[in-house]
Amino acid sequence: MKNKFSLEPCELDQDWDSFIATSPHGTPFVHSQFLALLDVKYHAYYCCKGKEKIAAVLLIVDEHEQRAIGHHDVIHDGIMHRNIAHLNRAQRHSELFAAQEYIAEYLADRYTQVTLKLHPAIQDIRAFLWVNYHNDGPKYAVTPRYTSVLELDEFTAPLSALEHSDNYNNSSVSRRQEIRYGFKKQVTLSESQDFTLFAHYYGLTMARQGIEISPVRLDELAVRIKSLAQQGLLCMYEARTSNQEIGSFATYLLHGDTAYYFYGANHPELRDSHTGTAVLWQAFPLLAQKGVSKLDLEGINSPQRGWFKLSFGGNVEPYFHIRLDKTDV
């Protein structure tokens with residue numbers, strides 16, 4: 001069956017974005033405009049069965065274009081299968097496996113290093129695990145990763161009371177307390193266009209963790225966030241105290257009915273003002289008004305940040321990082 005497949009190089013254009021928009025594994029991280037703002041080298045392919053496009057493949061490559069290395073801000077890359085809802089279960093399993101088998105072997109032959117960060121909906125990765133299974137050739141290694149996903153359907157209509165919210169009831173005791181304090185202390189949330197101040201706050205947030213970011217990089221971040229917002233791929237919210245001081249920012253990438261938490265920032269001197277919780281919680285109904293039914297909080301893998309995101313009561317979903325190194329090259 002493998003000889004029926006091919007990987008055809010392609011550009012990140014409107015056709016690509018249209019394919020990604022209908023794929024169950026599409027995300028804003030592989031959108032042409034998102035990638036254009038990163039200024040990275042990439043290889044993009046369609047996996048074709050005959051003339052039919054059945055998957056898209058995106059790799060962020062090094063300057064010599066020999067290694068697929070990924071990028072920090074591209075949370076999910078690799079494979080995006082077509083929508084196969086019209087197939088029965090056996091047919092779906094067969095197509096997904098066959099496409100991944102061809103792609104996995106092609107990448108192992110073509111690149112000296114392969115790094116993929118797959119979408120959480122891709123759970124069957126046997127095709128990668130079986131590359132060189134019966135010989136001593138290089139093999140793919142798999143690292144499980146985790147994220148927290150919240151369902152926002154309940155926020156399409158105003159809640160009569162916090163206790164009527166499943167998300168609130170599933171949150172931790174301390175998070176519920178912070179949510180209540182935010183409303184009691186009259187913390188308010190609104191959509192923001194102050195991208196320069198956001199970048200400044202982000203620099204302060206990182207400095208508090210001992211990470212210094214240069215003014216040039218902060219300026220670049222502000223420009224990138226602004227451009228994503230202007231293109232409709234991102235929205236940014238600011239949380240203000242009752243004194244109208246901005247305590248926190250949060251940015252959310254948008255893709256269909258799903259939003260992805262992207263960058264957040266807090267003013268260190270206002271950390272006890274409850275804006276850090278409000279910039280998420282009070283954003284839920286605003287995102288729901290934009291047609292968002294699912295919020296991916298993007299990663300609970302850091303001991304420093306994981307418990308904060310989980311305290312909002314979301315579901316834990318695994319996804320896979322896959323890596324292959326040709327140590328003999």
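**Group meeting: cores, rings and strands in a predicted model**

Let me start with Glu-178. Glu-178 is partly exposed, at 23% relative accessible area. On that scale, buried is under 20%, exposed is over 50%, and partly exposed lies in between, using a 1.4 Å probe and protein chains only. Glu-178 is part of helix 6, residues 173-184. Helices here are DSSP runs of H or I with at least four residues, strands are runs of E with at least two, and both are numbered from the N terminus.

What does Glu-178 touch, leaving aside neighbours within four places in sequence? His-274 and Thr-277. Contact means heavy atoms within 4.5 Å. Thr-277 is 99 residues from Glu-178 in sequence, yet the C-alpha atoms are 6.5 Å apart.

A word on the source. This is a predicted model, where local features need pLDDT of at least 70 and side-chain atom pairs count only at pLDDT 80 or more, while totals for chains, interfaces and linings use all residues. Residues are numbered from 1 along each chain as its sequence is written, and side-chain values use heavy atoms, with hydrogens and water left out.

Now the cores. A nonpolar core is a set of buried Ala, Val, Leu, Ile, Met, Phe, Trp, Tyr and Cys residues joined through side-chain atoms within 4.5 Å. The largest has 40 residues. Trp-16, Leu-58, Ile-225 and Phe-262 have the most contacts inside it. Helix 7, residues 195-208, gives this core its largest share, six residues. A second, separate core has 30 residues, including Tyr-111, Val-114, Ile-125 and Phe-128.

Take Ile-225. Beyond four places in sequence, Ile-225 contacts Phe-195, Phe-198, Leu-234, Met-236, Thr-251, Phe-262 and Tyr-263.

On to the rings. How many aromatic pairs does the structure hold? There are 23. Rings of Phe, Tyr and Trp (its six-membered ring) pair if their centres lie within 6.5 Å; planes under 30 degrees apart are stacked, over 60 edge-to-face, and the rest tilted.

Phe-198 and Phe-249 are edge-to-face, with 5.9 Å between centres and 80° between planes. Phe-198 is in helix 7 and Phe-249 in strand 10, residues 246-255, so this pair ties together parts 51 residues apart in sequence. Both Phe-198 and Phe-249 are buried.

Phe-249 has another partner, Tyr-201. Their ring centres are 5.3 Å apart and the planes meet at 75°, so this pair is edge-to-face. Again helix 7 is linked to strand 10, here across 48 residues. Tyr-201 is buried, as is Phe-249. Ring pairs join these residues into a cluster, which includes Phe-29, Phe-34, Tyr-202 and Tyr-260.

Charges over rings come next. The test is NZ of Lys or CZ of Arg within 6 Å of the ring centre and within 35 degrees of the ring normal. Lys-53 lies over the face of Tyr-46, 4.0 Å from the ring centre. The charged end of Arg-110 sits over Tyr-111, 4.4 Å from the centre of the ring.

Last, strand 3, residues 52-61. Eight of its 10 residues are buried. Which way do strand 2, residues 41-49, and strand 3 run, parallel or antiparallel? Antiparallel, joined by nine bridges. Two strands pair if DSSP finds at least two bridges between them. Tyr-45 has Val-57 of strand 3 as its bridge partner. The hairpin of strands 2 and 3 has two residues between the strands, and Gly-50 takes a positive phi near 70° there. Strand 3 also runs antiparallel to strand 5, residues 78-81, with four bridges. There, Ala-56 is partnered with Met-80.
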